[in-house]
Amino acid sequence: MQVEKDRVVAIEYILKDDEGKVLDQSGGRGPLEYLHGHGNIIDGLESALAGKVVGDAFEATIEPKDGYGELDETRVFEVPKSELGPQVKPQKGMVLTMTAPSGTRIPVTVVKVKLDSVVLDGNHQLAGKRLHFSGTIAGIRKATKDELSHRHAHGAHGHSH
Ligand code: ZN
């Protein structure tokens, strides 16, 4: 069996940035299972995995535009500290949750703390980064009917949704 549409694929992976810093990895959590061919993982990674068999190694370098997008300057903005609420003590690198006018909650990263204001960045933390994936195919199986109708993989422990 090979990696192709409608297979549930398990991968062990490490994700690094251009400097070799580890951004994410499956180690510890166990392999990541996903349903192939349904856009559940980023495109460039999915195409690097297609056609592989269990035990195969893979490597994929994903440009920002094919990953989490380019950094969008318009998502960097400054707000007065008073808007954060009195209980928030902003520090560089802290992730806060803001509520957009539409009601959507978005995570923003504090990039700068000034005397009376803070600079926030609403870009995804992996935006603007070239992503270097490497790993091995840990398992491939046929998707179940439920998984196909839900368009995602279900874990070994079942699910409740
Ligand atoms: Zn489901």
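The legends below describe close-up views of a predicted model. Residues are numbered from 1 along each chain as its sequence is written. Local features need pLDDT of at least 70 and side-chain atom pairs count only at pLDDT 80 or more, while totals for chains, interfaces and linings use all residues, and side-chain values use heavy atoms, with hydrogens and water left out.

**View 1. Two domains of the protein.**
The domain assignment gives domain 1 as residues 7–68 + 126–150 and domain 2 as residues 73–121. These bounds come from an automatic or database domain assignment. The C-alpha centres of domain 1 and domain 2 are 31 Å apart.

The largest pocket has a volume of about 180 Å³. A pocket is an open set of points on a 1 Å grid over the protein atoms alone, where a 1.4 Å probe fits, with protein on both sides within 12 Å along at least five of seven lines. Grid points are joined across faces, edges and corners, and the volume is the space filled by probe spheres set on the points. The lining holds 14 residues, a lining residue being one with an atom within 4 Å of a point. Nearest the pocket centre lie Tyr13, Asp24, Leu32, Tyr68 and Phe133. Strand E1 (7–16) and strand E3 (32–35) each supply at least two lining residues; strands (E, at least two residues) and helices (H or I, at least four) are DSSP runs, numbered from the N terminus. By class, the lining has 11 nonpolar, 1 polar and 2 charged residues. Here Ala, Val, Leu, Ile, Met, Phe, Trp, Tyr, Cys and Pro count as nonpolar, Asp, Glu, Lys and Arg as charged, and the others, Gly among them, as polar.

Asp24 forms a salt bridge with Arg29, with 3.3 Å between the closest N and O atoms. A salt bridge is a side-chain nitrogen of Lys or Arg within 4 Å of a carboxyl oxygen of Asp or Glu, and the count by this rule is 10. Asp24 is partly exposed at 27% relative accessible area, whereas Arg29 is exposed at 59%. The cut-offs are under 20% for buried and over 50% for exposed, with partly exposed in between (1.4 Å probe, protein chains only). Gly27 lies in the loop between strand E2 (22–25) and E3 and is partly exposed, with 48% relative accessibility. Gly27 and Tyr13 are 14 residues apart in sequence, and their C-alpha atoms are 7.5 Å apart.

**View 2. The salt bridge between Glu33 and Arg141.**
The closest N and O atoms of the Glu33–Arg141 salt bridge are 3.7 Å apart. This pair links distant parts of the chain, with Glu33 in strand E3 and Arg141 in strand E9 (residues 131–142), 108 residues apart. Glu33 is partly exposed, with a relative accessible area of 34%, and Arg141 is partly exposed at 27%.

Glu78 and Lys114 form a salt bridge whose closest N and O atoms are 3.4 Å apart. Glu78 is in strand E5 (residues 76–80) and Lys114 is in the loop between strand E7 (105–113) and strand E8 (117–121), so the pair ties together parts 36 residues apart in sequence. Both residues are partly exposed, Glu78 at 43% relative accessible area and Lys114 at 36%.

Lys145 lies in helix H2 (residues 145–150) and is exposed, with a relative accessible area of 74%. Lys145 and Leu126 are 19 residues apart in sequence, and 33 Å apart in space, C-alpha to C-alpha. His150 is also placed in helix H2 and is partly exposed, at 31% relative accessible area. The side chains of His150 and His154 are joined by a polar contact of 3.1 Å. A polar contact is a pair of N or O atoms within 3.5 Å; within protein, one must be able to donate a hydrogen and the other to accept it, and residues adjacent in sequence count only if both atoms are side-chain atoms. His154 lies in the segment after H2 and is buried, with a relative accessible area of 9%.
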